[in-house]
Amino acid sequence: MFSLSRYAPWARNIALSCIANKHRGNLNQLKTGVIAVSALPYARCFADSRQGGNDGDEGGKTTNSRARANMENKSEKITVNKEELRKRLTPLQYQVTQEAGTERPFTGCYNKHNEKGMYQCIVCHQDLFSSDTKYDSGCGWPAFNDVVDKGKVTLHRDASIPGMVRTEVRCSKCSAHMGHVFDDGPPPKHRRYCINSASIDFVKSTTSTSTTTSSKK
């Protein structure tokens, strides 16, 4: 037999070397792990910033498109001086536009009016209805099947008559009462804007006049 004591120092050195190498490998792995973990917030921040930038672009586009749509469809509101209106308007015009009154049927000057032109709000002179959309509904008030632009008027629930709910039409610029809108108009929209003559003014179209003059020449 041989004695193990002779090889004890050599075996011990080999064992210590293996243990050191093992710990050195674990240490390297640990350092690599720490670096990777510490880099995660930066990578996540970079990814979030890219995603946020894309979302911001889409959100910005959406916001801009909505803003443009609002600019196109909305009128700038004005404040009306009631005292000045009393002096400028007739009692009936004031009652209809400012107190939501209604003129008697078949009495308005624009009920059977057929000239080409534009119907404006009597208070602020905003264009509301075109003669191209006017038709004879037989209701006793001027009737239109559409407005010049959907942003020119605002619609409101009107329950002033007991047992009846109507949709009130107001000028979007000065909030003057125009009349009411019903769903019994001609196709394709089936709308009948029943408007008081006292709430509107008519501006004759200059196109027809110039066309007639040029044809005579």
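Tutor: Contact, as used here, means heavy atoms within 4.5 Å. By that rule, and not counting residues up to four places away in sequence, Cys171 touches Cys121, Cys124, Gln126, Leu128, Lys152, Thr154, Ala176 and Met178. The model is predicted, so local features need pLDDT of at least 70 and side-chain atom pairs count only at pLDDT 80 or more, while totals for chains, interfaces and linings use all residues. Residues are numbered from 1 along each chain as its sequence is written, and side-chain values use heavy atoms, with hydrogens and water left out.

Student: Why is His180 called buried?

Tutor: Buried means under 20% relative accessible area, exposed over 50%, and partly exposed in between (1.4 Å probe, protein chains only). His180 has a relative accessible area of 7%, so the residue is buried. His180 is found in strand E7, residues 177-182; strands (E, at least two residues) and helices (H or I, at least four) are DSSP runs numbered from the N terminus.

Student: What makes the link between the side chains of His180 and Asp158 a polar contact?

Tutor: A polar contact is a pair of N or O atoms within 3.5 Å; within protein, one must be able to donate a hydrogen and the other to accept it, and residues adjacent in sequence count only if both atoms are side-chain atoms. The two side chains make such a contact at 2.8 Å. Leaving aside neighbours within four places in sequence, the residues in contact with His180 include Asp158, Arg166, Tyr193 and Cys194.

Student: Why is the pair of Tyr110 and Tyr119 called by the name it has?

Tutor: Rings of Phe, Tyr and Trp (its six-membered ring) pair if their centres lie within 6.5 Å; planes under 30 degrees apart count as stacked, over 60 as edge-to-face and the rest as tilted. Tyr110 and Tyr119 have 5.6 Å centre to centre and 85° between the planes, which is edge-to-face. Tyr110 is buried at a relative accessible area of 11%, and Tyr119 is buried at 0%.

Student: What kind of pair do Tyr119 and Phe202 form, and why?

Tutor: Their ring centres are 4.9 Å apart and their planes stand at 55°, so the pair is tilted. Tyr119 lies in strand E1 and Phe202 in strand E9, 83 residues apart. Both residues are buried. Tyr119 and Phe202 belong to one aromatic cluster with Tyr110, Phe129, Phe144 and Tyr193.

Student: How do you know that E1 and E2 pair?

Tutor: Two strands pair if DSSP finds at least two bridges between them. Strand E1 (residues 117-121) is joined to E2 by 3 bridges, and the two run antiparallel. Gln120 stands opposite Asp127 in E2. The open sheet they belong to has 3 strands in the order E2-E1-E9, and its edge strands are E2 (127-130) and E9 (200-204).

Student: Why are E3 and E5 called edge strands?

Tutor: The other open sheet has 6 antiparallel strands, in the order E3-E4-E8-E7-E6-E5. Strand E3 (134-135) and strand E5 (153-158) each have a single partner strand, so one side of each is left without a neighbour in the sheet. E3 pairs with E4 (residues 143-144) over 2 bridges, and Lys134 stands opposite Phe144 in E4.
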